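Thanks for coming, everyone. I have one model to walk through this morning. Please look at the screen.

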Amino acid sequence: MSKEPQNFREVEKGIHTDLKGRMNYGQYLHLDEILNAQHCLSKEHDEMLFIIIHQASELWLKLAGHEVEAAIRNVQNDNFRHAFKVIARVKLILTQLTQSWSILSTMTPVDYLKFRDELGPASGFQSYAYRKLEFLLGNKNRKLVDVHRHDQKVFDEMSRVLEAPGLYDVVLRKLSERGFEIDADWLQRDCSQPYEANDSVQRAWAGIYADPEKHFELYELGEKLVDIEDAFQLWRFKHMYTVQRIIGHRRGTGGSSGVPFLKKALDTSFFPELFAIRTDL
């Protein structure tokens with residue numbers, strides 16, 4: 001009697017193999033569309049890497065936006081347990097995105113320059129999933145919506161998110177509901193404008209952090225927001241450094257200054273008061 005190879009694994013009798021006319025894995029995930037969406041414009045080997053990294057990143061960014069929108073609803077409805085869950089998920093998504101830059105960094109400057117011109121004016125700056133996530137987190141800029149005027153559906157969605165309260169806006173309103181004094185004009189501010197630090201907000205967070213046991217939900221929420229900013233800044237830094245490694249200080253394909261433009265983002269804080277209070281604790 002022949003002996004089965006050591007690494008042989010028998011297919012169990014209960015495994016479905018006749019899937020004709022039934023839902024299968026590829027259909028559920030629309031893999032025929034996803035796996036055939038890589039259309040290289042050159043014959044260069046590394047263009048496939050470049051496309052897949054960015055396509056995968058767009059999916060992760062879409063999911064991050066989906067989770068932040070859930071967190072906004074959760075905070076509005078006092079569902080802090082689920083808010084903590086989805087915010088923690090956003091942190092891990094950003095960690096995943098940060099790791100993807102390491103994979104892209106295996107592409108050398110010479111490899112990239114072989115097909116870079118094929119991109120024309122296409123650039124990650126035009127990513128609406130990324131822009132939506134930034135808007136949801138409070139980094140608003142009306143001028144950036146203009147980049148999407150060529151696509152009415154996307155333009156309308158970006159305009160909606162620009163005007164709507166972001167995550168930090170609803171958090172500050174919740175602090176006010178819980179009895180912390182936030183300037184009334186700050187609570188009613190134009191949410192389409194970039195967020196600026198406010199003394200009344202800083203005093204509110206200082207009160208929460210002074211007695212975390214009494215204000216545990218808000219204290220934990222504050223720390224979850226810091227987690228997001230921490231992960232987002234690491235992603236921004238790795239992005240900037242990867243671009244610098246591959247193209248140096250060339251201008252970006254989308255028309256930006258490239259690395260200098262990306263460095264400016266590192267000075268942008270979503271939740272400035274949460275970092276400011278750490279000095280005074």
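A word on terms first: helices (H or I, at least four residues) and strands (E, at least two) are DSSP runs, numbered from the N terminus. By that rule, the protein chain has 13 helices and zero strands. Read from the N terminus, the order is α-α-α-α-α-α-α-α-α-α-α-α-α.

Now the ground rules. This is a predicted model: local features need pLDDT of at least 70, side-chain atom pairs count only at pLDDT 80 or more, and totals for chains, interfaces and linings use all residues. Residues are numbered from 1 along each chain as its sequence is written, and side-chain values use heavy atoms, with hydrogens and water left out.

Overall dimensions next. Along the principal axes, the C-alpha atoms of the protein chain fill a box of roughly 75 × 55 × 35 Å. Buried means under 20% relative accessible area, exposed over 50%, and partly exposed in between (1.4 Å probe, protein chains only). Of the 281 residues in the protein chain, 39% are buried.

Contacts next. A contact means heavy atoms within 4.5 Å. Take the contacts in the protein chain with a separation of 6 or more: 69% of them join residues 24 or more positions apart.

What sits in the largest nonpolar core? A nonpolar core here is a set of buried Ala, Val, Leu, Ile, Met, Phe, Trp, Tyr and Cys residues joined through side-chain atoms within 4.5 Å. The largest one has 69 residues, and those with the most contacts inside it are Leu137, Leu167, Tyr168, Val171, Leu175 and Trp205. Several helices supply at least two residues each, among them α3 (47-76), α4 (80-104), α8 (167-177) and α11 (216-247). Helix α11 gives the most, with 12 residues. As a general point, nonpolar side chains in soluble globular proteins tend to be buried together.

Zoom in on Leu137. Setting aside neighbours within four places in sequence, Leu137 is in contact with Val68, Leu167, Ile228, Phe232, Phe270 and Phe271.

Now to helix α4, where we find Leu94. Is Leu94 buried or exposed? Leu94 counts as buried, at 1% relative accessibility. Beyond its neighbours within four places in sequence, Leu94 contacts Leu133, Ile228, Ala231, Phe232 and Trp235. Arg236 is 142 residues from Leu94 along the chain, yet their C-alpha atoms are separated by 9.7 Å.

Ser100 lies in helix α4 too. Ser100 counts as buried, at 11% relative accessibility. Not counting residues up to four places away in sequence, Ser100 touches Ile53 and Ser57.

On to the backbone. Most residues other than glycine have a negative phi. Which way does His30 go? His30 has a positive phi of about 55 degrees, although it is not a glycine. His30 lies in the loop between α1 (25-29) and α2 (31-34), and is partly exposed at 42% relative accessibility. Asp78 is another non-glycine with a positive phi, about 60 degrees. Asp78 sits in the loop between α3 and α4 and is partly exposed, with a relative accessible area of 40%.

Last, cysteines. How many disulfides are there? The count comes to zero, where a disulfide is a pair of cysteine sulfur atoms within 2.5 Å. Cys40 is partly exposed, at a relative accessible area of 33%. Cys191 is buried, at 8%.

That's my tour. Over to you.
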